[in-house]
Amino acid sequence: MALSNMGRGLSMFNADQRLVMCNRLYREIYQLPARLTRPGTSLASIVRYHVRRETGRDDAGERAKQRAWIKGHVAQLARGKTFVHVQRLKSGRIVQVTNQPLAAGGWIDIQEDITERRRAEERIDWLAHHDPLTETANRTQFGNELEHALLQLKHGSSFALHWIDLDRFKAVNDTLGHPAGDALLKSVAKRLLKAVRKPDLVARLGGDEFAVIQVGATRAEAEVLGKRLVKALREPHLALGHRLETSASIGIALAPEHGTNADELMHNADLALYRAKAAGRAASVVYEPARDTHGCARGVLEADLKRALAEEQLELHYQPIIDSRTSAVNSFEALMRWRHPERGLLAPGEFIGLAESTGLIIEIGAWAIRRACTDAATWPAPIKVTVNLSPVQFESGDLYETIVGAIASSGIDPQRIEVEITESVLLRDDPKTHALLHKLRDLGLRIALDDFGTAYASLSYLRSFPFDKIKIDRSFVRDLNSVRREDSIAIIRAVASLAKQLQMTSVAEGVETAEQIESVLVAGCDELQGFYFSTPVPAGDVPGLLSRGAPTRPRQRSVAIDGVDLMGATARRA
């Protein structure tokens, strides 16, 4: 009874290689008929039946192999030590057989079904080298295969590395959700696998980045495959009932021509990828040293920027915004600075565009919001802090939570926070963007429209959302010192008047001279900002600036336009 209910198969053979006994599970594992499980059955008969069942072969050559196997098996038992071997059966079962010799001759076999355990081990091993979503190679396996391909270079081989980045993939995630994005990635992987040869490797490196190692490829063959991959991925994808259109940009580096180590090849393929994107995307290009010098500098700067936040190289400087009636500081605009260890203090124009194109602006922007709220909480109320928001931050999906968290951790009154957006935020006319702006307004924040007058549909934007503040682009203030002075004054005056009628505050940016101040005061601007009052200063200098006060506005003098004394009229209205 005990033998029949064992969790393992068991069989005993005597010194004459004949069955003494076996249990029920032994019969089931090998699917033996009753006649082959009776005492006295020869091992040769059982082996012959088993092989015929598994392979369908029973010829003289096969029987000779079986006799040789039995002879080797008995010889190994004769050494008197237990040994183990594994059998894979046609049924899919994986059986581990322990062979234990007996002192009086003969042996005992114990069969353990390790199918699930082995499958689990194989699954773990598979997951260690594959991406579970797309079932392509993962970054680890890609690295292994790349090193193997590099080792083959010494034997005269060559290969091409294709660095692939999907275009506008993030828009799919943001508009249709991650399940649709995952379905698109699966479709992309299938097309890549179908487009390459069997020896080639397709790997997903993370996010929407893929790579292909094209074994033994010449430059011409690499260019052909690159174009084939671009064409294959441009065809519409069906994902979760959606017809999705995407494309891919591909950078190609050739080994050994463009590098003989992994870092060099990946770097050069990445530089070629930048050029493919700059050319309008949906293209594949081969690395060319002479043409990718700019990309090299950009690539180095991107790597530096990734380290900048972790190594606390970023700073916020603050520029005051002055009340045109009282000359008091109403708020400070937070402006990003990067204290680069080699290039010195960098202004936003030198790196914000790169941060936006690479997505780094999400993390950098979140840091800026938290830092600005923490700094402003130490200033005297009701002085506000103004923070610039990138269009990319509106696409990230967690901007509202970031701002709420910054308010909670700093303890600042939400009414002391202003956020500035540009017209490009509203270009997509996305209902989610409008809903988020209303949520921020409901939270107590003030919303400002920056660089007003530089895009096409400024007036329509004022109708689409009730802004609290309009910042007149500095180009109009700068032109007050040019031949376009009269036109600029007319535009500034019109915008300031429009703002008053819409119960919005108007701000003149870029004020640098006393003459410019006189002009924007004539035009009726509510607030002024520019180097005339202060350059952006580190947070530690804000208290000193407040204690000194803003520079006094120039004494008003009459300025006549079309025969009307506007300065006198402005003074009388004040």
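**Close-up views of a predicted model**

**View 1. Phe13 and Trp107 form a stacked aromatic pair.** In this predicted model, Phe13 counts as buried because its relative accessibility is 1%, under the 20% cut-off. Trp107 is buried as well, with a relative accessible area of 3%. The structure holds seven aromatic pairs. In the pair shown here, the ring centres of Phe13 and Trp107 are 5.1 Å apart and the planes lie at 15 degrees, so the pair is stacked. Phe13 belongs to strand S1 (residues 9-13) and Trp107 to strand S5; the pair therefore ties together parts that are 94 residues apart in sequence.

**View 2. Five strands form an open antiparallel sheet.** The strands follow the order S2-S1-S5-S4-S3. Strand S2 (19-22) and strand S3 (83-88) are the edge strands, each pairing on one side only. On average, neighbouring strands of this sheet are turned by 20 degrees against each other, direction ignored. Strands of a sheet pair through backbone hydrogen bonds.

**View 3. Strand S4 runs antiparallel to strand S5.** Seven bridges join S4 (residues 94-101) to S5 (residues 107-113). Asn99 has Asp109 in S5 as its bridge partner.

**View 4. Ser488 is buried in the model.** Ser488 is part of helix H18 (residues 485-501), and its relative accessible area is 3%. A polar atom of the Ser488 side chain lies 3.5 Å from the backbone oxygen of Phe476. Apart from neighbours within four places in sequence, Ser488 is in contact with Phe476, Asp479 and Leu480.

**View 5. Tyr318, Phe332 and Trp379 form one aromatic cluster.** A further aromatic residue, Tyr400, has Lys439 over its face, at 4.0 Å from the ring centre.

Terms used:
Residues numbered from 1 in each chain as written. Predicted model: local features only at pLDDT ≥ 70, side-chain atom pairs only at ≥ 80, totals over all residues. Heavy atoms only, no water. Pairing = 2+ DSSP bridges. Helix = DSSP H or I, 4+ residues; strand = E, 2+ residues; numbered from the N terminus. Axes fitted to C-alpha atoms, helices over the stretch in contact; angles between N-to-C directions. Buried < 20%, exposed > 50% of the residue type's maximum accessible area, 1.4 Å probe, protein only. Polar contact = N/O pair within 3.5 Å; in protein donor to acceptor, adjacent residues only side chain to side chain. Contact = heavy atoms within 4.5 Å. Phe/Tyr/Trp six-rings, centres within 6.5 Å; stacked < 30°, edge-to-face > 60°. Lys NZ or Arg CZ within 6 Å of the ring centre and 35° of its normal.
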